[in-house]
Amino acid sequence: MTANIYALFTEAARQAGDKAFIVERGATRLRYDELDAATTRWAAALLSTGARTGDRIVVQVDKSVENVLLYLASLRAGLVYVPLNTAYTAAELDYFIGDAEPAIIVCDPAKERAIAAAGGDATVLTLDADGAGSLAARVAATAADGFETVTRAPDDLAAILYTSGTTGVSKGAMLSHDNLASNARVLQDWWHWQPDDVLIHALPIYHVHGLFVALHLALLGGSTIRFHRSFDADAVLADMSGATVLMGVPTFYVRLAAHDGLTREASATMRLFISGSAPLLENTFAAFEAKTGHLILERYGMTEAGMITSNPYDGERIPGTVGFPLPGVSARVADDRGAEVARGEPGVLEIKGPNLFRGYWNKPEKTAEEMRPDGYFVTGDIATMDADGRVAIVGRAKDLIIAGGLNIYPKEIELALDGVPGVCESAVIGVPHPDLGEAVVAMVVRDNDMLTEEAVLSAIADRLARFKQPRRILFADALPRNAMGKVQKARLRDDHAGLFQAG
Ligand code: MLC
Ligand code: AMP
């Protein structure tokens, strides 16, 4: 028996028959009974490059139906899928390619030349936003009558997803077929997935949320996906009638709640709005309920472990909490030595379960730093757990900013800023932002008074993806430090908390 997660999708597709799998702008792009034949061609085309089981395939392409097929075919072919945010710059890509050592790189045609130069021995193929490119041409030219899904063991890797770290260096979280399959099965049950569910998919497909949670649940359930290339509140609302589930980051719900088109009628067929990847504010939850009658179901997860806790489907959905550890997941709130604290007290959330990753690619020392001897993983999130086991995320021990559901580590930005001529030192913080939840702000001490905000931003533009670049640069004479010489970021955050607030 194979543990290849694709085998589960084959089975579900068989049961779904001629039902639509992906619908885009009202048109069916792919039916379930076409899925196996399509991924057969894509998988055969990938292996025709000479890539072998266990090889990495790095993918940085726009969201498209073909991108979905590429992902599924990579699983089928036994390759390890390494998706990258399309916003990453050439400088950032060099690192990922060097670290992952892929056999295949798939990129946008515009980046082919630069990537070929950095790609070493990898076969570089292209795929554009319309699903065309040298990979698509190879698929079209591949004659494949059948393709046997490559047998994988439960612990074999299905994907590596990069996540940045406190030191500014990204780490590849290794996720096995069993990590992904077990999490999808548990969520299917926990969220009462139904055969006639219709999912609005407007998340990017290079992160856990859009790639695994959303795609896998639809595939396992044989559900139809209403496919959106990116999130646009108008388009999502226009597509809501007849749909049943939406998964989004809090920014989705902030924008929807502010939209005149969000009403009880507009959301009448919906049964479930799920939020995660960043904290959902209680006022967003309340505004959404007031306009629709729906209680957004908040869950909590991370790249290293997929989904970890979730509010209940039937029980109380309490804003400001992320619910209960999912079945099979053990969670404890601990002090800095790993000893459990009293219920209700804050501490670092530690977790264990079949969803927990296989470690960081090529970085066993980083894996060891975040594991307790008894196998618990230290999430870096500060949480409380009540007597019933309900978890609330109340802060972060890690120096992390989450903007629009995307993680940004200040260190990486500070390193880039400190390299700009005229910058003496910098401190990067996250401050509340009405749309993105948090926005990146940099305090900069300069030794050249002529250095402007625009000049600093343009100096780092090629180095950092746009979403990581500070929304504001504030110049200061000095950074506030404590007696140990450490920059007092909490004070900076307090001082600038109102920067993006209206009024
Ligand atoms: C885009 N921009 C952002 C941004 N997204 N800036 C900060 N943070 C973000 N998240 C910038 C762009 O570079 C651009 O800059 C400007 O904002 C507008 O770009 P856009 O493309 O129009 O943005 P928009 O479509 O509005 O996108 C915002 C968003 C999107 C929130 C809809 O970022 C998004 O889909 N986020 C979801 C991320 C996600 O999937 N996270 C899950 C991680 S998994 P300029 O200056 O050029 O105009 C995980 C685990 C778990 O965390 O628990 O799920
Ligand atoms: P990532 O590394 O991109 O997978 O992001 C994981 C991090 O997102 C977690 O460690 C949390 O800090 C944060 N996160 C995810 N879901 C929630 C949530 N519902 N509430 C608060 N923080 C969340």
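A: Rings first, then ligands

In this predicted model, the count comes to 14 aromatic pairs. A pair needs two rings of Phe, Tyr or Trp (its six-membered ring) with centres within 6.5 Å; planes under 30 degrees apart are stacked, over 60 edge-to-face, and the rest tilted. Tyr253 and Phe288 make an edge-to-face pair, with 5.4 Å between centres and 85° between planes. Tyr253 belongs to helix H10 and Phe288 to helix H11 (residues 282–292), so their pairing ties together parts 35 residues apart in sequence. Helices here are DSSP runs of H or I with at least four residues, strands are runs of E with at least two, and both are numbered from the N terminus.

Buried means under 20% relative accessible area, exposed over 50%, and partly exposed in between (1.4 Å probe, protein chains only).

Another edge-to-face pair joins Phe357 and Tyr360, 4.8 Å centre to centre with 70° between planes. Both Phe357 and Tyr360 are buried. There is also a cluster: Tyr88, Tyr95, Phe96, Tyr162 and Phe467 form one aromatic group.

A note on reading these values. Residues are numbered from 1 along each chain as its sequence is written, while chains are lettered from A and ligands numbered from 1 in the order written. Local features need pLDDT of at least 70 and side-chain atom pairs count only at pLDDT 80 or more, with totals for chains, interfaces and linings using all residues, and side-chain values use heavy atoms, leaving out hydrogens and water.

The charged end of Arg332 sits over the ring of Tyr376, 3.7 Å from its centre. Arg317 lies over the face of Tyr313, at 5.4 Å from the ring centre. The test asks for NZ of Lys or CZ of Arg within 6 Å of the ring centre and within 35 degrees of the ring normal.

Now back to helix H10. Helix H10 (250–257) and strand E13 (297–302) each give at least two residues to the shell around ligand 1. That shell counts 22 residues, and Arg255, Ser277, Arg299, Arg466 and Arg471 come nearest. Being near takes a heavy atom within 4 Å. By class, the shell holds 11 nonpolar, 7 polar and 4 charged residues. A polar side-chain atom of Arg466 is 2.5 Å from an oxygen of ligand 1. For Arg471, a polar side-chain atom lies 2.7 Å from a nitrogen of ligand 1. Gly301 uses its backbone: a polar atom there is 3.2 Å from an oxygen of ligand 1. The protein covers 71% of the 1000 Å² of accessible area that ligand 1 has on its own.

Strand E13 leads on to ligand 2. E13 gives the most to the shell around ligand 2, with 5 residues. Of the 16 residues in that shell, Arg299, Thr303, Asp381, Lys398 and Asn407 come nearest. The shell divides into 6 nonpolar, 5 polar and 5 charged residues. Asp381 places a polar side-chain atom 2.6 Å from an oxygen of ligand 2. Lys398 also has a polar side-chain atom 2.6 Å from an oxygen of ligand 2. Asn407 has a side-chain N or O atom 2.8 Å from a ligand 2 oxygen. The protein covers 92% of the 500 Å² of accessible area that ligand 2 has on its own.

How values were computed. A polar contact is a pair of N or O atoms within 3.5 Å; within protein, one must be able to donate a hydrogen and the other to accept it, and residues adjacent in sequence count only if both atoms are side-chain atoms. Accessible areas come from the Shrake-Rupley method with a 1.4 Å probe; for residues, only the protein chains shown count as cover. Ala, Val, Leu, Ile, Met, Phe, Trp, Tyr, Cys and Pro count as nonpolar, Asp, Glu, Lys and Arg as charged, and the others, Gly among them, as polar.
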